[in-house]
Amino acid sequence: MYSFPENLFTEVRIEKSEYVNYYTANGEVEANNQSQVIGALIRVFDGDMWYSSVTNEPGKIQAEIDNLASLAKRNEKIYDHPVIKNFGSHKASILKYDGEDDVRKITPRQREELVAHYISVCLDKSTEEMKGYGGSYYSTHIVKEYYSSKGAEIRQDMQRCSVWVGAAFAVGGVTTWGGKNFQGMSFDRLLGREREIQDELERYLDYARNAVNIQPGDYTCVLSPAATALFTHESFGHKSESDYMLSDRTLQEEWVLGKKVGNERVSICDNGNMRHNGYTPYDDEGNEAGETWLIREGVLTGRLHDSKSASVLKEKVTGNSRSDGYGSVPMVRMTNTYMAAGSDDPKEILQGVQDGIYVYNTNYGTGSSTFTMQPGLCYRIKEGRICEPLRVNVITGSVFQTLFDIDAVGNDLEIFDTFYCGKSGQTIQVSAGGPTVRVRKLTVN
């Protein structure tokens with residue numbers, strides 16, 4: 001498709017994105033936007049330096065290639081470079097979203113009526129404590145192309161759409177925002193969710209009315225699948241992104257493959273082939289996605305790589321080089337990361353707790369040697385039963401200790417498509433998942 005210069009490695013990433021954003025607040029339309037963007041990142045590597053440029057005019061890509069090549073130093077052994085050896089050379093066309101399920105075919109009237117329907121059916125505006133409400137619809141459709149001087153020719157697409165309905169409940173001078181968000185790869189996945197939205201709003205209203213402050217201390221905690229998903233992503237998923245290790249000898253020594261790092265009940269996987277938000281059949285270096293088991297039965301068995309990290313650490317690429325758009329340089333990122341299901345019944349997991357905390361959902365979290373989790377809704381567990389809602393500011397623990405302190409893993413694995421992941425100034429959509437788990441001790445404030 002392009003004329004690539006000899007004795008240089010050249011790659012071209014082209015991306016065409018179409019976005020829709022519709023949002024209403026208290027019955028008024030606050031946003032109703034639709035946009036289309038096309039652009040390309042061109043990079044040339046001579047073994048010592050990368051030369052790059054960005055253009056929004058596809059017709060100028062060849063001129064950009066020629067200009068960058070004039071700046072680089074020709075290298076007859078460029079394809080023997082250990083990093084370039086790891087770039088893909090696949091030819092593939094994977095277009096799954098250009099048929100009847102194409103979200104670009106959803107009309108403005110359809111999305112507006114969906115939001116209006118859910119607000120009308122699911123919100124009781126006579127609720128005294130309700131001080132505001134809103135609803136939104138979002139969709140994106142992306143077609144990506146990748147070409148390189150190694151012979152790669154890849155076309156693939158991705159799309160997602162979502163709907164959200166929420167409300168603000170004010171009780172005793174404290175306002176609680178709550179609602180329900182659904183995402184899917186097609187519009188039909190957003191339909192028929194009335195009961196789920198109503199249940200979630202009722203849960204938040206009950207929380208606003210009845211939540212009491214937690215007494216800070218160490219508690220046995222039962223994490224719902226949603227909370228386990230956050231823990232898995234933040235506390236361990238990021239540790240598995242190998243570019244963090246390249247300049248950190250301590251981290252390399254701590255995370256040696258084959259080392260026991262958790263309870264034998266714990267297994268964690270990243271898989272870019274799953275049809276969730278992290279779906280990435282080919283990454284931004286032309287490599288196929290893989291199923292990478294990061295932990296198997298408590299033992300560290302793998303980590304996530306791009307071409308550079310795999311070269312430095314002398315391991316195989318895993319198809320995890322991703323960027324947040326055509327104008328950004330890719331880096332090691334998660335795709336769909338989850339803790340595998342165990343064999344325990346979630347009801348029996350709860351029954352094994354005399355006095356503890358149930359974490360129903362979370363707002364955000366961070367992960368390093370110590371992880372933090374900011375819960376949305378929490379409940380007291382008394383004698384194996386979920387009781388009154390609790391106001392909890394933060395839950396913390398040592399990543400290393402917590403992986404060992406997980407003493408029960410449920411059989412109720414769920415994958416959640418509502419995760420955004422930030423790293424080094426780039427934000428991408430991923431999915432995370434897990435089952436109900438029980439942790440013997442976490443610090444709750």
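**Notebook: contacts, cores and loops**

I began with Gly356, which, leaving aside its neighbours within four places in sequence, is in contact with Tyr219, Thr220, Tyr379, Arg380 and Ile381, where contact means heavy atoms within 4.5 Å. I noted that this is a predicted model, in which local features need pLDDT of at least 70 and side-chain atom pairs count only at pLDDT 80 or more, while totals for chains, interfaces and linings use all residues. Residues are numbered from 1 along each chain as its sequence is written, and side-chain values use heavy atoms, with hydrogens and water left out.

Gly356 has its place in strand 16 (residues 355–359); helices (H or I, at least four residues) and strands (E, at least two) are DSSP runs, numbered from the N terminus. I looked up its accessibility and found that Gly356 is buried, because its relative accessible area is 0%; buried means under 20% relative accessible area, exposed over 50%, and partly exposed in between, with a 1.4 Å probe and protein chains only. From Gly356 to Arg385, 29 residues apart along the chain, the C-alpha atoms are separated by 9.7 Å.

**Entry on the cores**

I next looked for nonpolar cores, a nonpolar core being a set of buried Ala, Val, Leu, Ile, Met, Phe, Trp, Tyr and Cys residues joined through side-chain atoms within 4.5 Å. Which residues have the most contacts inside the largest core? They are Leu223, Ile357 and Met373, and this core has 46 residues. Helix 5 (residues 225–237) gives the largest share of this core, with 6 residues. There is also a second, separate core of 38 residues, which includes Val103, Leu190, Ala211 and Val222. I kept a general remark beside this: in soluble globular proteins, nonpolar side chains tend to be buried together.

I then followed Leu223, and, leaving aside its neighbours within four places in sequence, I found it in contact with Thr228, Phe231, Val359, Met373, Pro435, Thr436, Val437 and Val439.

**Entry on two helices**

I looked at how helix 3 (residues 108–122) and helix 4 (residues 194–210) pack, and found an angle of about 55° with their axes 10 Å apart. The axes are lines fitted to C-alpha atoms, for helices over the stretch in contact, and the angles run from 0 to 180 degrees between N-to-C directions. Helix 3 and helix 4 are therefore oblique to each other, since angles under 35 degrees count as roughly parallel, over 145 as roughly antiparallel, 65 to 115 as roughly perpendicular and the rest as oblique.

Where the two helices meet, His117, Tyr118, Val121 and Cys122 in helix 3 touch Glu194, Ile197, Gln198 and Leu201 in helix 4.

**Entry on loops and exposure**

Glu383 lies in the loop between strand 19 (378–382) and strand 20 (385–391), and it counts as exposed because its relative accessibility is 64%. Ser424 also has a positive phi of about 50° although it is not a glycine; I located Ser424 in the loop between strand 23 (414–423) and strand 24 (426–434), where it is exposed, with a relative accessible area of 63%.

I also checked Gly173, in the loop between strand 6 (153–171) and strand 7 (174–184), and it counts as exposed at 80% relative accessibility. Gly173 and Arg440 are 267 residues apart in sequence and 35 Å apart in space, C-alpha to C-alpha.

Is Pro330 buried or exposed? Pro330 is buried, because its relative accessible area is 10%, and I found it in the loop between strand 13 (321–322) and strand 14 (331–332). Not counting residues up to four places away in sequence, Pro330 touches Arg13, Arg43, Asp284, Ser321, Arg322 and Ser323. Pro330 and Asp283, 47 residues apart in sequence, are 8.9 Å apart in space, C-alpha to C-alpha.

My last entry is Gly272, which lies in the loop between strand 10 (268–271) and strand 11 (291–296) and counts as buried at 3% relative accessibility. Not counting residues up to four places away in sequence, Gly272 touches several residues, among them Tyr279, Pro281 and Asn336.
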